[in-house]
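Please look over the chain below. The briefing that follows groups its points by topic.

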Amino acid sequence: MSEARRTLSEAPEEHEVRLQFLTWERTPADIDSPPHRARREKLARDAGASMADTAYVAAEARIFTDRLVMGERSWIAGHALVRGDVEFGAHCTVNPYACISGKVVCGDGVRIASLVSIVGFNHGFEDPDRPIHTQPHEARGITIEDDVWIGANAVVVDGVTIGRGAVIAAGAVVTKDVPEMTIVAGVPAKIVRRRGEPTSRPRRSAAETAIEKIGRTAAAEWPAVLAKYRTAEGYLSPEADGTARMNTRHLCDAIEIAAGFDAQPEHLDIRKAIVHLQSIQDSATGLFPDPYRLPEQGKALHEDGLALYNVLAVGYALEVLGARPLHPISAVEIDAPALCAWLESLPWKTHAWSAGAHVDAIATALYFNARYFTTGRAREVLFGWLAMNVDRATGLWGSPTTGEGLLQPVNGFYRLTRGAYAQFGLPVPRPEAAIESVLANYRNHGGFSGVTYTACNLLDTIHPLWLCLKQTDHRRGEAEAIAEAIILRAPERWRPGEGFPFADSQPGSLQGTEMWLSVLHLAADLLGLTEAFPFVPKGVHRTRPVGLGL
């Protein structure tokens with residue numbers, strides 16, 4: 001409605017009511033009116049307001065700020081609530097019933113829809129012995145950069161930065177930083193696409209078709225795959241080198257494959273399986289030496305790679321079956337000098353994968369201790385040592401080698417971060433640098449092929465990308481291309497009655513099947529296609545962090 005027509009058709013009272021909800025209809029006369037000048041003076045006096053001459057606050061807005069800054073042509077509608085320390089640049093708009101609290105800084109051109117909650121502070125709640133209302137508040141603040149649109153009913157929590165040009169979909173809950181020029185949606189909010197990209201891509205459609213196809217095949221055939229490798233003594237299946245051996249891991253893989261499809265292995269006596277797996281644990285150290293292999297002479301149990309790996313394999317298999325280890329894993333409950341000496345003795349310069357595998361087992365043992373027994377301060381020591389020793393240039397731990405380049409530290413990064421950062425839900429120290437290193441390693445090996453196209457190499461590529469992209473949008477397009485390539489190859493790699501081979505040149509195996517199903521889940525999750533794939537890892541390769549409040 002034009003200003004002239006509105007003047008003729010509306011009484012002043014009706015016009016004032018409209019401005020509470022349709023604040024964009026304000027005119028220069030409204031901004032310069034005596035009531036608004038009086039509001040500006042009151043806000044400057046009582047709410048620490050500093051407002052540009054063209055800024056406007058509707059009469060029914062509720063402003064309780066210690067400091068309020070409003071740039072040119074910005075406005076706040078009626079029934080909005082603004083409190084705390086809030087700053088708006090030029091051309092910012094706050095619609096009715098929005099709530100902006102705490103420390104919030106907005107750039108220019110920020111659009112905040114009705115019923116949005118932007119909460120730039122947080123209640124303390126970590127101490128379970130104190131009522132929440134008596135615990136201190138924390139205010140890290142929220143930064144919203146230029147040209148951002150926040151849709152109706154969205155929530156933005158403390159500590160978040162929303163990058164320039166981002167769009168927050170209606171109803172989204174933003175719990176982590178939003179990269180510039182991206183569209184996020186959901187609870188918690190995830191990136192849907194970048195602005196300017198087409199809403200659908202043929203490559204994504206092909207990946208969805210492929211993941212649905214292999215998902216149907218695996219869901220129908222996994223019981224037959226487990227039956228192929230089952231014997232009276234246990235599970236006999238090829239290992240990573242293609243040779244079939246009896247191994248505790250095969251039983252654990254069978255349990256995890258079934259659990260990923262929300263089932264249990266047929267003909268498995270659950271009670272006997274639990275007793276068997278618990279009996280493997282060494283009561284003195286808490287580690288799990290494999291009964292099918294003699295320990296290495298002259299080596300302590302904590303130097304035995306298989307006894308360490310079985311902390312994961314056996315420990316998670318017991319959890320999947322509704323049980324737990326019988327004993328605390330005392331081998332990791334050592335003082336800071338001893339733990340640091342252990343970490344520093346690992347072969348970071350020559351075999352970083354092995355070093356990362358040790359950290360994976362140590363962190364997982366600390367998880368089991370914290371959940372089922374008691375634990376000391378080793379976890380803090382571990383993460384402190386990792387923070388001090390990450391390579392700032394590569395984002396990895398350990399050194400490249402002459403023969404393999406970045407392969408060892410990249411593979412070690414997966415093992416290390418899986419058990420430590422991913423398991424405990426903590427951010428990795430240098431995600432952008434790590435992404436660069438993982439992509440460089442993938443390129444340097446030609447995307448892997450033939451005997452190098454293994455579950456290990458692809459898992460050690462896709463999991464780090466999946467994990468780091470939870471913190472940043474750095475080179476997301478290249479990571480998605482890798483995820484799509486993995487998915488598109490998957491249907492042809494499945495072997496009826498055998499499952500997935502660990503490597504292309506090998507027969508199918510339980511290890512290959514469990515690992516490749518987990519790789520596909522991660523690739524699908526990176527692309528937002530998990531609903532099309534029925535397998536969800538519940539054990540070693542699970543993707544949800546532990547809920548210990550740690």
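D53 is exposed, because its relative accessible area is 64%. In this predicted model, D53 forms a salt bridge with R40, with 3.9 Å between the closest N and O atoms. D53 sits in the loop between β1 (49–51) and β2 (56–57), and R40 sits in helix α4 (residues 34–46), so the pair ties together parts that are 13 residues apart in sequence.

**Other salt bridges**

- The structure holds 28 salt bridges.
- R249 pairs with D253, and their closest N and O atoms are 3.4 Å apart.
- Both R249 and D253 lie in helix α6 (residues 248–260). They are four residues apart, about one turn of the helix.
- R249 and D253 are both buried.
- The side chains of R493 and D504 form a salt bridge at 2.7 Å, N to O.
- That pair links distant parts of the chain, 11 residues apart: R493 is in helix α15, and D504 is in the loop between α15 and α16 (510–526).
- R493 has a relative accessible area of 5%, so R493 is buried.
- D504 has a relative accessible area of 22%, so D504 counts as partly exposed.

- Helix α15 covers residues 476–493, which is 18 residues.
- From first C-alpha to last, α15 reaches 26 Å, close to the 26 Å expected at 1.5 Å a residue.
- The buried residues of α15 include R476, A479, I482, A483, I486, I487, A490 and R493.
- T472 is found in the loop between α14 (455–468) and α15.
- T472 counts as buried because its relative accessibility is 11%.
- The side chain of T472 makes a polar contact with the side chain of E432, at 3.1 Å.
- Leaving out residues up to four places away in sequence, T472 touches P431, E432 and I435.

- L312 lies in helix α8 (residues 305–320).
- Is L312 buried or exposed? L312 is buried, because its relative accessibility is 0%.
- Beyond its neighbours within four places in sequence, L312 is in contact with A317, D360, A361, T364, R415, R418 and V540.
- The C-alpha atoms of L312 and R249 are 9.6 Å apart, while the two residues are 63 residues apart along the chain.
- L22 is in the loop between α2 (12–21) and α3 (28–31).
- L22 has a relative accessible area of 23%, so L22 is partly exposed.
- L22 and N95 are 73 residues apart in sequence, yet their C-alpha atoms are 8.4 Å apart in space.

**Cysteines**

- How many disulfides does a search of the whole structure find? The search finds zero.
- C99 is in no disulfide, and the nearest cysteine sulfur, in C106, is 13 Å away.
- The closest cysteine sulfur to that of C252 belongs to C456; the two are 18 Å apart, which is too far for a bond.
- C252 is buried, because its relative accessible area is 1%.

**Whole chain**

- The protein chain has 16 helices and 21 strands.
- Its C-alpha atoms fill a box of roughly 95 × 50 × 50 Å along the principal axes.
- Of the 550 residues of the chain, 51% count as buried.
- Among contacts in the chain with a separation of 6 or more, 50% join residues 24 or more positions apart.

**Confidence**

- The chain averages a pLDDT of 92, and 96% of the residues score at least 70.
- For residues 1–8 the pLDDT is below 50. This stretch has seven contacts in the model beyond near neighbours in sequence.
- Where pLDDT is low, the predicted coordinates should not be read in detail.

Note on methods:
Residues are numbered from 1 along each chain as its sequence is written. This is a predicted model: local features need pLDDT of at least 70, side-chain atom pairs count only at pLDDT 80 or more; totals for chains, interfaces and linings use all residues. Side-chain values use heavy atoms; hydrogens and water are left out. Helices (H or I, at least four residues) and strands (E, at least two) are DSSP runs, numbered from the N terminus. The expected span of a helix is 1.5 Å times one less than its number of residues. Buried means under 20% relative accessible area, exposed over 50%, partly exposed in between (1.4 Å probe, protein chains only). pLDDT is the predictor's confidence in each residue, from 0 to 100. Contact means heavy atoms within 4.5 Å. A polar contact is a pair of N or O atoms within 3.5 Å; within protein, one must be able to donate a hydrogen and the other to accept it, and residues adjacent in sequence count only if both atoms are side-chain atoms. A salt bridge is a side-chain nitrogen of Lys or Arg within 4 Å of a carboxyl oxygen of Asp or Glu. A disulfide is a pair of cysteine sulfur atoms within 2.5 Å.
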